[in-house]
Amino acid sequence: MDGLIAALREVLEPEQIITDRQELRTYECDGLAQYKVTPGLVVFPHSTNECAAIVKACAQRGIPFVARGSGTGLSGGALPHADGILIVTSQMRSILRLSIADERVVAQPGVINLDITKAVRQQGYHYAPDPSSQQICSIGGNVAENSGGAHCLKYGFTTNHVTGLEIVTPEGEIVELGGEALDPPGYDLIGAFVGSEGTLGIATTVTVRLTRTPEAVRTVLAAFHTTDDAGSATSAIIAAGVIPAAIEMMYALAIEAAEAAVHCGYPEKAGAVLIVELDGDESTVDSSYAEVEKLLRADGAFEIRLAADEAERALIWKGRKSAFAAVGRISPDYLVQDGVIPRTALPQVLRRIAELSEEHGVRVANVFHAGDGNLHPLVLFDSAQEGAAERAATVSGAILDLCVEHGGSITGEHGVGVDKSAYLPRMFTGDDLDTMQLLRCAFDPGGIANPGKVFPTPRMCGEARRR
Ligand SMILES: Cc1cc2nc3c(=O)[nH]c(=O)nc-3n(C[C@H](O)[C@H](O)[C@H](O)COP(=O)(O)OP(=O)(O)OC[C@H]3O[C@@H](n4cnc5c(N)ncnc54)[C@H](O)[C@@H]3O)c2cc1C
């Protein structure tokens, strides 16, 4: 590490390097605070060339590196290595090119997701993928996690909006993938890089597609007595051929938490609420709304509120977007889960989650992207009570098993990181995992880019194959 620090002092200013133990501890975890490791060193590059010099210096010494954007990840993807270096992109926050005519923005990786929309809003455009953390998470982190958000039901995930990347490979080379045009020839390496959770290198610029802001938006809040009814209304809406921009669901416990935190005024005594947002041109939105209202009522909605103006719409979304953090109001500790199921399995799976909660005496709040079948059960516990954390972990694991049993996945958008690497064999065979390693090793033969994440270890280049 001393040799690395000396080499980095040649290319970086003193204030771009943190070596002080207390300051290093600021970076010991991401949004998943159960895991903590103090990094060996933290650096803040300003440019692609500085990133490449840092990574090259690591490669020459076989020192692992971990990229970090804003550190909001929920699977421990940016968890540092004690003997490694954390490369933080928070000082790479410039928008490098903005072309409305081409509907493209080229941004440095540390640019905050919402800042892209703010830069183009006046011209009638926005950047569509909208994680609930969009006010703080970075576009580089979004690329690494293939992040989603409420409006990804209609508009697609990050992978559908990235047309070009400049990356620094784990050997320190600068490589361009794609560009501003769509569909370049050759293998889809952007597809491989998006969602690779920092294991294939560092994205140093990101080219994204802009989306025209729709002419009209209708936001509806529908209250149901049971989660079963809300789940079946979700399936009924999609089956009717309506594709809302978003369908989000919140359980009673999550509503209680959001109410305590932001006073969003959701209907009282609701077992679940759905937020359905329709967008497009005025006439399509009007006819879709009439259809959706009918379907919501048919599935038992006992109150339906259509936002009358932007302020009411914002209040409906405030409850949903603040829900994760708000859960801290009703429980000292909680685990955020992230699993996916086919939409039609929603009623059965939600019922089984309620049974698991009952069987183990563990409360589960749920707030999720119902339209995508992307569940976010929040498993509540009090770490001060003996055995409570273990019971919560058991329920969390059982929920993931349930998702896999129903043909779903152990993660929808938060990634595998360090948290779920042990779960990967529940979805993939040893041969599948070995095949994925071939791709990883093609980018990172030295195994220094975010090692120990995503794949169950040991499973790195050059290691004996073991199941
Ligand atoms: C309250 C809250 C709500 C959230 N809501 C959502 C949601 O609705 N949808 C959703 O998808 N996620 C959500 N998240 C999770 C998180 O915000 C996203 O995963 C986000 O994309 C992480 O971005 P970040 O900049 O914080 O990345 P970090 O946490 O810093 O890093 C995440 C991963 O990306 C890698 N990485 C970071 N930058 C780069 C880079 N330039 N090149 C290569 N790899 C890199 C890291 O190594 C790590 O593996 C939420 C989180 C919170 C706290």
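Which residue takes a positive phi just after α8? In this predicted model, that residue is G241, with a phi of about 90°.

Helix α8 spans residues 227-239, 13 residues in total. From the first C-alpha to the last, α8 reaches 18 Å, close to the 18 Å expected at 1.5 Å a residue. Its buried residues are T227, A230, G231, A233, T234, S235, I237 and I238. An α-helix has 3.6 residues a turn, so residues three or four places apart point the same way. Among the elements that cover the buried residues of α8 are the helices α6 (152-155), α10 (282-298) and α13 (346-360), together with the strands β12 (216-224), β13 (246-251) and β14 (272-280).

Two of the buried residues of α8, A233 and I237, are also in contact with L296. The largest nonpolar core has 45 residues, of which L274, L296 and L375 touch the most other members. Helix α14 (residues 388-405) provides the largest share of this core, namely six residues. A second, separate core holds 29 residues, including M250, A254, A257 and A307.

The cysteines complete the account. A disulfide is a covalent bond between the sulfur atoms of two cysteines. With sulfur atoms required to lie within 2.5 Å, the count of disulfides is zero. For C137, the nearest cysteine sulfur is that of C152, 11 Å away. C137 is buried, with a relative accessible area of 5%. C264 likewise counts as buried, at 5% relative accessibility.

Technical notes:
Residues numbered from 1 in each chain as written. Predicted model: local features only at pLDDT ≥ 70, side-chain atom pairs only at ≥ 80, totals over all residues. Heavy atoms only, no water. Helix = DSSP H or I, 4+ residues; strand = E, 2+ residues; numbered from the N terminus. Expected span 1.5 Å × (residues − 1). Buried < 20%, exposed > 50% of the residue type's maximum accessible area, 1.4 Å probe, protein only. Contact = heavy atoms within 4.5 Å. Core = buried A, V, L, I, M, F, W, Y, C linked by side-chain atoms within 4.5 Å.
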